[in-house]
Amino acid sequence: QVQLVESGGGFVQAGGSLRLSCVVSGRIVSVNHMGWYRQAPGKQRELVATITRRGDTTYADSVKGRFTISRDDAGNTVALQMNSLKPGDTAVYYCNARISSTGFDLNDYFGKGTQVTVSP
């Protein structure tokens, strides 16, 4: 069983900052890429940022220059530093990881999400 648990969401005024964290645990042989998605009310889930095992990162255009994704050396924790937050960033944020549980499989897992609310 694999679990992804997010933390760090909350309420902040526009221009403020929040840091999200996600810890992966359970039956894990390796964690490949990790990332963050978000889903605002009435909208589809969208990719926010990803990071590979090597540390290569990608960002949605809407968050470039404001958000930074990182992961620890063990590779089982991923964080998202969010600065200069805007009301449009309001959403439920989901941690994602591509994990091998046996060494022969590769599956995508998501956490349950953490709410981020940015007021004008």
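Is Tyr37 buried, partly exposed or exposed? Tyr37 is partly exposed, at a relative accessible area of 22%; the classes are buried under 20%, exposed over 50% and partly exposed in between, with a 1.4 Å probe and protein chains only. The model is predicted: local features need pLDDT of at least 70, side-chain atom pairs count only at pLDDT 80 or more, and totals for chains, interfaces and linings use all residues. Residues are numbered from 1 along each chain as its sequence is written, and side-chain values use heavy atoms, with hydrogens and water left out.

**Aromatic pair**

- One aromatic pair is found in a search of the whole structure; rings of Phe, Tyr and Trp (its six-membered ring) pair if their centres lie within 6.5 Å, and planes under 30 degrees apart count as stacked, over 60 as edge-to-face and the rest as tilted.
- The pair consists of Tyr37 and Phe110 in an edge-to-face arrangement, with 5.4 Å centre to centre and 70° between the planes.
- Tyr37 belongs to strand 4 and Phe110 to strand 10 (residues 107-110), so the pair links distant parts of the chain, 73 residues apart; strands (E, at least two residues) are DSSP runs numbered from the N terminus.
- Phe110 is partly exposed, at 37% relative accessibility.

**Nonpolar core**

- The largest nonpolar core has 29 residues, and Trp36, Leu80, Met82 and Tyr93 have the most contacts inside it.
- Such a core is a set of buried Ala, Val, Leu, Ile, Met, Phe, Trp, Tyr and Cys residues joined through side-chain atoms within 4.5 Å.
- Strands that each supply at least two residues of this core include strand 1 (2-7), strand 3 (18-26), strand 4 (30-39) and strand 8 (77-82).
- Strand 9 gives the largest share of this core, five residues.

**Salt bridges**

- Six salt bridges are found in a search of the whole structure, each being a side-chain nitrogen of Lys or Arg within 4 Å of a carboxyl oxygen of Asp or Glu.
- Arg38 forms a salt bridge with Glu46, with 2.6 Å between the closest N and O atoms.
- Arg38 is buried, with a relative accessible area of 6%, whereas Glu46 is partly exposed at 34%.
- Arg38 also forms a salt bridge with Asp89, where the closest N and O atoms are 2.9 Å apart.
- Because Asp89 lies in the loop between strand 8 and strand 9 and Arg38 in strand 4, this pair ties together parts that are 51 residues apart in sequence.
- Asp89 and Arg38 are both buried.
- Arg98 and Asp108 meet in a salt bridge at 2.7 Å, N to O.
- Arg98 is in strand 9 and Asp108 in strand 10, 10 residues apart.
- Arg98 is partly exposed at 30% relative accessible area, and Asp108 is partly exposed at 39%.

**Arg71**

- Arg71 lies in strand 7.
- Arg71 is buried yet has no salt bridge, and the nearest side chain of opposite charge, Asp72, is 5.6 Å away; Lys and Arg count as positive and Asp and Glu as negative, while His and the chain ends are not counted.
- The Arg71 side chain reaches the backbone oxygen of Asn32 at 2.8 Å.
- A polar atom of the Arg71 side chain lies 3.3 Å from the backbone oxygen of Thr52.
- Leaving aside neighbours within four places in sequence, Arg71 is in contact (heavy atoms within 4.5 Å) with residues including Val31, His33, Met34, Ile51 and Val78.

Conventions. Helix = DSSP H or I, 4+ residues; strand = E, 2+ residues; numbered from the N terminus. Polar contact = N/O pair within 3.5 Å; in protein donor to acceptor, adjacent residues only side chain to side chain.
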